[in-house]
Amino acid sequence: MNHPNLGGILLASTDPDRLRRWYAAALEPEENNDVGTYKALKFGATWVLIDTRADVSDKNPEPGRVILNFEVDDARAVVTRMDALGVTWLAELEDRDGSLFATAIDPDGNYVQVIQLSDAARAAM
């Protein structure tokens, strides 16, 4: 049986260039390309595609509905880089049983979680 593969996530924005710059600076994607009108950022096996749409507002009115989770090797370094960008934190970096979590708010109001899992948490998965 074949299983679906989540290949990408589309983020619609009234200012896709600004949003792309933020994600590129904050999370340093493996690839950062233009594909037609899309701003395509590759994180692991998943692409974050950023484009404009007429049916979205400047800020996400329900950001808790979808949270982008980024697994990182060094959460403290990513948080430091995000702090330098002036990020607003929904939840500052915290240790949860050896794993590190922080939730930032991107320029469009979306929640972006930075996660550094402990070896024990990885083994439990």
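**Largest pocket.** I began with the lining of the largest pocket, which is made by 22 residues, with F43, G44, F70, E71 and V72 lying nearest its centre. The elements that give two or more residues to this lining are β3 (38-43), β4 (46-51), β5 (67-71) and α2 (75-84), and the largest share, five residues, comes from β5. I noted the space in this pocket as about 420 Å³. By class, the lining divides into 12 nonpolar, three polar and seven charged residues.

**Model and terms.** The model is predicted, so I kept in mind that local features need pLDDT of at least 70 and side-chain atom pairs count only at pLDDT 80 or more, while totals for chains, interfaces and linings use all residues. Residues are numbered from 1 along each chain as its sequence is written, and side-chain values use heavy atoms, with hydrogens and water left out.

A pocket here is an open set of points on a 1 Å grid over the protein atoms alone, where a 1.4 Å probe fits, with protein on both sides within 12 Å along at least five of seven lines, and a lining residue has an atom within 4 Å of a point. Points are joined across faces, edges and corners, and the volume is the space filled by probe spheres set on them. Helices (H or I, at least four residues) and strands (E, at least two) are DSSP runs numbered from the N terminus. Ala, Val, Leu, Ile, Met, Phe, Trp, Tyr, Cys and Pro count as nonpolar, Asp, Glu, Lys and Arg as charged, and the others, Gly among them, as polar.

**Second largest pocket.** I then turned to the second largest pocket, which holds about 300 Å³ of space. Of the 16 residues that line this pocket, L11, A12, N60, V66 and N110 are the closest to its centre. Strand β1 (residues 8-12) gives the largest share of the lining, four residues.

L10 counts as partly exposed because its relative accessibility is 44%, the classes being buried under 20%, exposed over 50% and partly exposed in between.

**Positive phi.** Which residues other than glycine did I find with a positive phi? E28, at about 45°, is in the loop between α1 (16-27) and β2 (31-35), and D97, near 55°, is in the loop between β6 (88-96) and β7 (99-105). I noted these values because most residues other than glycine have a negative phi. E28 is exposed at 53% relative accessible area, and D97 is exposed at 80%. P29, also in the loop between α1 and β2, is buried at 17%.

**Salt bridges.** A search of the whole structure gave eight salt bridges, each a side-chain nitrogen of Lys or Arg within 4 Å of a carboxyl oxygen of Asp or Glu. Among them, R53 meets D55 at 2.6 Å, N to O, with R53 partly exposed at 42% and D55 exposed at 55%. I also logged E62 with R65 at 2.9 Å and R96 with E94 at 3.3 Å.

Note on methods. Buried means under 20% relative accessible area, exposed over 50%, partly exposed in between (1.4 Å probe, protein chains only).
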